[in-house]
Amino acid sequence: MLLEAPTVPVSPIALLHSLLELRQEITKEGEARFQQWQSKIKRSEFIPSARNLAYYLALRWRDLRVIQMALMPWGLSSLGRIESRVLPNLDAVINTLGALCQTHESLPPRPPLEAFFAGDRQLRRQTEELFGPIRGKRHVRIMVTLPTEAATNPQWSITLLRKGMNCARINCAHDDPATWEAMIEHLQAASHMTGQPCKILMDLGGPKPRIAEIFPDMVRLHRGDRLRLTTEICPDGVEIPQFTCSLPEILPQLEVGQRVWIDDGHIGGRIVSKDTQGVELTITHCKEGQRLKLAKGLNFPDSDLRLCPLTESDRQHLAFACRHADIIGYSYVQSAEDIALLQRELEHCCGDRADQMGIIAKIETPKAIRALPEMVVQAAGRQPFGVMIARGDLAVEIGYQRLAEMQEEILWLCEAAHVPVVWATQVLENLVKKGVPSRAEITDAAMAERAECVMLNKGPYVGLAVDILDDVLARMEAHQQKKTPQLRALHSWQPYETPAIVRQ
């Protein structure tokens with residue numbers, strides 16, 4: 001049982017008893033969860049990470065704010081940096097409190113230095129296994145999405161590698177296998193020439209719902225307008241605009257009252273009626289007169305959609321990826337079963353190399369967030385694995401006001417599992433597209449230091465963006481590792497000196 005709110009300083013002996021009880025509870029609960037996972041873990045090196053994750057989940061089911069505040073006056077508020085080392089952190093605090101109390105109670109042994117930093121080293125190892133070694137002053141990798149130009153201009157890859165690109169992303173939703181092969185040939189030649197290693201990620205498109213048809217061709221929307229999402233356009237006798245979805249199997253899964261977002265959340269509506277042919281929406285969010293456009297994405301945040309994350313195109317692209325890529329980007333993954341599906345496909349395509357192929361799961365929905373611990377164990381228990389915070393779709397699905405909160409929780413959970421994270425979507429977007437960064441996105445880039453890799457999208461100024469991101473990440477790493485301050489000396493202010501007139 002945790003302490004009540006500490007309106008007055010709490011005695012160290014009361015804190016000690018609370019922490020001993022907490023340790024007993026999380027060890028019991030965490031070990032039970034770990035035992036459920038153990039049969040899925042094929043890589044022995046992931047066993048300590050899985051156990052630490054199980055203990056972390058048991059710990060964070062509890063509200064620790066009261067006990068954390070009670071520890072602060074004693075200089076022991078280290079539970080806030082416990083992710084990668086749950087038991088060593090707890091045991092260190094317990095032993096220090098025991099020394100303060102001069103108690104003769106039986107305490108867990110004080111953890112050795114090796115145990116205290118083992119989680120950080122394991123995260124570094126898992127990051128290097130997925131993304132390869134890195135040179136220079138920073139540890140955070142930079143991933144760059146390859147433009148079509150990379151297939152025709154060999155100098156593009158040479159320039160980006162020299163600037164600091166560590167991983168190249170090929171978006172399978174664009175271009176074609178011949179173009180991808182040319183990109184990879186130029187990248188490998190550039191890597192050999194520069195001596196700069198570079199992993200190749202092939203990002204599967206997944207079942208992305210988009211607007212397929214619109215009737216009439218020109219539809220401008222206002223709040224309160226009605227729209228019909230239908231399986232088939234019927235021009236005759238229909239008074240309101242219609243549009244279809246590229247994945248018509250979604251429509252029977254929708255229900256009245258659920259929200260529909262269009263074009264990355266720029267247009268929003270709510271379902272007001274349903275029939276066998278589709279649903280009718282009332283527009284609740286949009287700019288006045290905003291145009292409905294073909295191929296724009298659709299999101300259904302309130303709907304529990306049952307879609308296979310591997311499309312037929314994805315399966316075809318996997319065969320190419322198994323011959324040329326190091327990492328698979330997995331879109332719309334929402335469960336451990338989805339991870340297992342990809343692993344079976346990799347066995348089919350890659351044979352003996354299946355367990356060497358890295359997987360990066362793109363977290364895009366609330367369902368994926370809820371299933372993240374099980375997905376981590378299913379994937380990282382078998383092969384190199386990372387998590388991408390796909391902030392574009394995720395923001396639309398959970399609401400922009402919750403994005404920062406969920407971003408933090410994903411970072412914490414992955415650190416507890418010693419799994420690398422990719423910070424993605426619109427990083428330095430203005431800089432990449434226009435050549436001038438906004439102030440907000442520079443701050444966002446600095447925050448990205450807490451991940452293990454940062455993804456830049458393609459644009460005419462991506463080389464400049466890599467230059468600036470490389471500098472920002474190197475500077476921030478000197479100040480902070482994950483969420484732990486490094487306490488580097490600050491040179492922006494000079495030490496205080498007594499004015500000469502006073503010294504005299």
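At what angle do the axes of α9 and α10 cross, and within what distance do they come? They cross at roughly 55° and come within 9 Å. Axes here are lines fitted to C-alpha atoms, for helices over the stretch in contact, and angles run from 0 to 180 degrees between N-to-C directions.

Before going on, the basis. This is a predicted model, where local features need pLDDT of at least 70, side-chain atom pairs count only at pLDDT 80 or more, and totals for chains, interfaces and linings use all residues. Residues are numbered from 1 along each chain as its sequence is written, and side-chain values use heavy atoms, leaving out hydrogens and water. Helices (H or I, at least four residues) and strands (E, at least two) are DSSP runs, numbered from the N terminus.

The angle makes α9 oblique to α10; angles under 35 degrees count as roughly parallel, over 145 as roughly antiparallel, 65 to 115 as roughly perpendicular, and the rest as oblique. The crossing of α9 and α10 is right-handed, meaning that the near helix is turned clockwise from the far one by less than a right angle, with anticlockwise being left-handed. On the α9 side, R315, L318, A319 and C322 meet residues of α10 that include L341, C349 and C350. Contact means heavy atoms within 4.5 Å.

Two of those residues are bonded. C322 and C350 form a disulfide, with an S to S distance of 1.9 Å; the cut-off is a pair of cysteine sulfur atoms within 2.5 Å. The structure holds 1 disulfide. C322 lies in α9 (residues 312-324) and C350 in α10 (residues 336-350), so the pair ties together parts that are 28 residues apart in sequence. The torsion about the S-S bond is about -75°, so this disulfide is left-handed. Both C322 and C350 are buried, where buried is under 20% relative accessible area, exposed is over 50%, and partly exposed is in between (1.4 Å probe, protein chains only).

C349 is partly exposed, at 27% relative accessible area. For C414, the closest cysteine sulfur is in C453, at 13 Å, again too far for a bond. C414 is buried, at 0% relative accessibility.

Now the strands. β1-β2-β3-β13-β14-β15-β16-β17 make a closed barrel of 8 strands with parallel pairing, and the twist from one strand to the next averages 25°. Two strands pair if DSSP finds at least two bridges between them. As an example, β16 (residues 421-424) pairs with β17 (residues 453-456) in the parallel sense over 2 bridges, and W423 has V454 in β17 as its bridge partner.

There is another helix pair to show. α1 (residues 12-37) packs against α2 (residues 47-60) at an angle of about 130°, with the axes 8 Å apart. That makes α1 oblique to α2, and their crossing is right-handed. Among the α1 residues in this contact are L22, F34 and W37, and among those of α2 are I47, Y55 and L59.

Last, a loop residue. P133 sits in the loop between α5 (113-131) and β1 (141-145) and is partly exposed, at 44% relative accessibility. Leaving aside neighbours within four places in sequence, P133 is in contact with E128, R141 and P197. P133 and C198 are 65 residues apart in sequence but 8.8 Å apart in space, C-alpha to C-alpha.
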